[in-house]
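Welcome! Please open the sequence and the 3D view side by side, and let us walk through them together.

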Amino acid sequence: MAATLPDLSPLADGRVLVVGGGGYIASRLIPHLIEIGCELAVQTSYVEPLKGFDIQIFEGPVANPAIQQAIRDFDPAFVLDLSGRTDQSHSRDNDDAMAESHFAAARHLGRAILDGPSLKRWVHCGSNEEYGNNAVPFTEDMREDPVSAYSVGKVATTHHLKMLADYENAPICIVRPFVIYGIGQERGLIPFLIRMAFADQAFDTTEGVQTRDFLWVDDLVDGILATAVSDNVHGEIINLGAGVETPVRQVVEAVCRHGGGGQPNFGAMQMRDGESQRCVADISKAERLLGWVPTMDLDEGLGKMVEAARESSAQS
């Protein structure tokens with residue numbers, strides 16, 4: 001049962017900027033904002049997913065001075081920052097790309113918005129990957145333990161934004177989403193499993209003993225919006241997860257069951273070097289500060305995701 005979320009009407013009365021608007025989470029967030037009725041603009045370098053929306057688009061990276069000026073001219077009251085590439089590979093080849101995509105991008109965005117007269121809240125999406133191999137459950141006061149260039153980029157961004165909030169009074173809050181899944185998702189483990197299940201194909205996988213915390217995307221959207229309007233979150237880091245530790249093997253088996261096929265070869269693959277073995281969020285802070293708790297049961301959500309994919313396949 002969901003706790004009582006804060007009143008979202010302040011969003012309707014202000015200009016809202018979504019940064020990194022070409023990704024999956026944005027595709028679920030933007031319709032909510034349109035329904036709320038806010039004046040909305042979206043920054044993205046990938047406009048294809050936004051073609052169906054009648055919204056203002058700033059096309060290009062935030063490093064582009066012209067994009068920064070367009071953002072200044074828009075003068076957002078609320079900034080929902082989903083920016084940054086996800087690349088969890090444990091290779092030093094992507095060090096520079098991850099630093100630019102996360103830490104540098106946050107600095108560029110800050111230059112565009114922090115002197116804006118209307119800014120009330122900048123919600124930045126970090127990552128559960130920042131916790132690395134810490135003991136579970138992950139709590140927001142833990143020292144981070146990054147295990148990849150991606151998580152290093154996220155941690156550096158978190159510390160930069162915390163500095164701005166704590167010492168320059170910038171209206172910033174950082175949320176840390178855990179493993180996101182939901183209808184319409186095309187990339188990642190679960191969409192891959194759905195394709196294997198529908199084709200009834202054999203596929204190699206690890207033993208699946210590593211655990212993850214899977215959060216339904218629309219629960220995440222509720223958490224982001226609640227963070228934007230809450231009064232007591234200045235400078236805070238807030239976990240947004242389901243708070244349930246689930247072995248990956250359980251997810252593989254559930255998707256195959258819902259999909260009616262798939263032949264996983266458990267143990268045929270080795271886990272990545274440095275991969276976190278356990279992952280689950282302590283979400284008590286989100287409930288206390290935001291009135292937010294997740295609503296979707298994992299098995300139910302996987303079933304909904306499989307059924308939606310089946311209907312989409314039938315129509316194509």
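At what angle do helix H6 and helix H10 pack? Before we answer, a word on what you are looking at. This is a predicted model, in which local features need pLDDT of at least 70 and side-chain atom pairs count only at pLDDT 80 or more, while totals for chains, interfaces and linings use all residues. Residues are numbered from 1 along each chain as its sequence is written, and side-chain values use heavy atoms, with hydrogens and water left out.

Now to the two helices. H6 (residues 189-199) and H10 (residues 298-315) pack at an angle of about 60°, and their axes are 11 Å apart. Helices here are DSSP runs of H or I with at least four residues, strands are runs of E with at least two, and both are numbered from the N terminus. The axes are lines fitted to C-alpha atoms, for helices over the stretch in contact, and angles run from 0 to 180 degrees between N-to-C directions. H6 and H10 are therefore oblique to each other; under 35 degrees would count as roughly parallel, over 145 as roughly antiparallel, and 65 to 115 as roughly perpendicular, with the rest oblique. On the H6 side, the contact is made by Ile190, Pro191, Ile194 and Phe198, and on the H10 side by Leu302, Met305, Val306, Ala309, Arg310 and Ser313. Contact means heavy atoms within 4.5 Å. Why might such spacing in a helix make sense? An α-helix has 3.6 residues a turn, so residues three or four places apart point the same way.

Next, find helix H7, residues 217-229. H7 has 13 residues and reaches 19 Å from its first C-alpha to its last, close to the 18 Å expected at 1.5 Å a residue; the expected span is 1.5 Å times one less than the number of residues. Twelve of the 13 residues of H7 are buried, so this helix is largely enclosed by the rest of the structure. Buried means under 20% relative accessible area, exposed means over 50%, and partly exposed lies in between (1.4 Å probe, protein chains only). Among the buried residues of H7 are Val217, Leu220, Gly223 and Val229.

Let us move to the loop between strand S5 (121-125) and helix H5 (149-168), where Asn128 sits. Asn128 is buried, with a relative accessible area of 10%, and touches Phe138, Arg176, Pro177, Phe178, Val179 and Cys279, leaving aside residues up to four places away in sequence.

Asp75, between helix H3 (65-74) and strand S4 (78-81), has phi near 55° and is buried at 13% relative accessibility. Asn169, between H5 and strand S6 (172-177), has phi of about 60° and is exposed at 59%.

Finally, how many disulfides does the structure hold? There are zero, a disulfide being a pair of cysteine sulfur atoms within 2.5 Å. The sulfur of Cys38 is 16 Å from the closest cysteine sulfur, in Cys125, which is too far for a bond. Cys125 is in no disulfide either, as the nearest cysteine sulfur, that of Cys173, is 9.8 Å away.
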